[in-house]
Amino acid sequence: MPARSTAAGCRTRCAPSNRASSTNARSSENRSSSYAPQPSPRQGHSAIDARRRTDVRGYEGRPVTVVGGANSAGQAALSLAARGATVDLVVRGHDLAARMSSYLTDRIQAHSRIRVHTGSTVSELAGGDTLTSVVVERPGERPQRLASRALFCFVGADPVSGWLTGVAKAEDGFVLTDVGLPAGSALPYQTSAPRVFAVGDLRSGSTKRVATAVGDGASAVSSVHAALAGD
Ligand SMILES: Cc1cc2nc3c(=O)[nH]c(=O)nc-3n(C[C@H](O)[C@H](O)[C@H](O)COP(=O)(O)OP(=O)(O)OC[C@H]3O[C@@H](n4cnc5c(N)ncnc54)[C@H](O)[C@@H]3O)c2cc1C
């Protein structure tokens, strides 16, 4: 079941507005930005799904900015650097290893084309038709303007659950199932609506991983059989 990535690339079509936003934002779509990516017809909003390999192509020899401190940001930084981009990785936390696996942090810290800015946020984006620079701020220090041709945000994910009405959801929009429901449920993966099951990223509390989504789906089949047998 779907959850929408907020991995956003301000890669190609960036429409200037008045003032930049901080990348403290959890989602790129609900904060104003100097460079707002155009809505994607496929996804119906401004985020570009950075899992697609093509999203990181075309930056050979160019400076780019990656925002985020978890594995997705680390993978993107390495992927861009491997394709010849010079990467500024902006991390709000003070310790890169706090939320990123060591297999990534080790490679990032050793990579000559990746600069890491911990304890920092992006406060401004600037340019003409396309992005040319970003301002990175760290409390107590002078803001730094960095050349940048693209900004990739990996700062969280919003569930695409607006269409799914009539089931209980957590405050953040992820769908509650079985023991997560206030009243509980006899069947694993069952939502508050009879015969409606939720699996994968959309399920509240799930580990957002491929293996979890696949396992959820396989396991939910038993619940579906049990629900049908109970009729
Ligand atoms: C940048 C990035 C890197 C990642 N790296 C890893 C990694 O290295 N290892 C790992 O294990 N996991 C990784 N993940 C997480 C992994 O991609 C997800 O956990 C997994 O894809 C979840 O699967 P899913 O089926 O629940 O959701 P999704 O893969 O999001 O699939 C949901 C599908 O539902 C479709 N959909 C949306 N709305 C509707 C609708 N109304 N009707 C019908 N279909 C709809 C969507 O188009 C989509 O195809 C990464 C995620 C991101 C964003």
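Where is the place of Tyr189? Tyr189 sits in the loop between β12 and α3, where helices (H or I, at least four residues) and strands (E, at least two) are DSSP runs numbered from the N terminus.

## Model and confidence

The structure is a predicted model, in which local features need pLDDT of at least 70, side-chain atom pairs count only at pLDDT 80 or more, and totals for chains, interfaces and linings use all residues. Residue numbers start from 1 along each chain as its sequence is written. The pLDDT, the predictor's confidence in each residue from 0 to 100, averages 80 over the chain, and 76% of the residues score at least 70. Over residues 5-54 the pLDDT stays under 50. For that stretch the model has 114 contacts beyond four places in sequence, a contact being two residues whose C-beta atoms, placed from the backbone, lie within 7 Å.

The chain has three helices and 12 strands. Of its 231 residues, 37% are buried; a residue is buried if 20 or more other C-beta atoms lie within 10 Å of its own, exposed if 12 or fewer, and partly exposed in between, with C-beta atoms placed from the backbone. Among contacts between residues at least 6 apart in sequence, 57% join residues at least 24 apart.

A nonpolar core is a set of buried Ala, Val, Leu, Ile, Met, Phe, Trp, Tyr and Cys residues joined through C-beta atoms within 7 Å. The largest has 31 residues, of which Val66, Val67, Ala77, Leu80, Val87, Leu89 and Phe152 touch the most other members. Two or more residues of this core come from each of β5 (63-67), α1 (71-82), β6 (86-90), β8, β9 and β11 (151-153). The largest share, six residues, is given by α1. In soluble globular proteins, nonpolar side chains tend to be buried together.

Leaving aside residues up to four places away in sequence, Ala77 touches Val66, Val87, Leu89, Ile108 and Ile114.

Helix α1 has 12 residues and reaches 16 Å from its first C-alpha to its last. This is close to the 16 Å expected at 1.5 Å a residue, the expected span being 1.5 Å times one less than the number of residues. Its buried residues are Ser72, Ala73, Gly74, Ala76, Ala77, Leu78, Leu80 and Ala81. The elements that cover them include β5, β6, α2, β7 (114-117) and β11. Just after α1, Gly84 takes a positive phi of about 100°.

## The sheet β8-β9-β10

Three strands form an open sheet in the order β8-β9-β10, with antiparallel pairing; two strands pair if DSSP finds at least two bridges between them. The edge strands, each pairing on one side only, are β8 (121-127) and β10 (144-147). On average, neighbouring strands of this sheet are turned by 25° against each other, direction ignored.

Six bridges join β8 to β9 (residues 131-137) in the antiparallel sense, and Leu125 has Val134 in β9 as its bridge partner. Between β9 and β10, also antiparallel, there are four bridges; here Ser133 stands opposite Ala147 in β10. The hairpin of β9 and β10 has six residues between the strands, and in this hairpin Gly140 takes a positive phi near 85°.

## Loop residues

Asp95 lies in the loop between β6 and α2 (102-110).

| Residue | C-beta neighbours inside 10 Å | Class |
|---|---|---|
| Asp95 | 12 | exposed |
| Asp178 | 17 | partly exposed |
| Tyr189 | 24 | buried |
| Arg195 | 12 | exposed |

Why does Tyr189 count as buried? Tyr189 does so because 24 C-beta neighbours lie inside 10 Å. Its phi is near 70°, a positive value in a residue other than glycine. Asp178, which is not a glycine either, has a positive phi of about 25°.

The C-alpha atoms of Arg195 and Val224 are separated by 7.2 Å, although these residues are 29 apart along the chain. Asp95 and Gly119, 24 residues apart along the chain, have C-alpha atoms separated by 7.9 Å.

Conventions. Axes fitted to C-alpha atoms, helices over the stretch in contact; angles between N-to-C directions.
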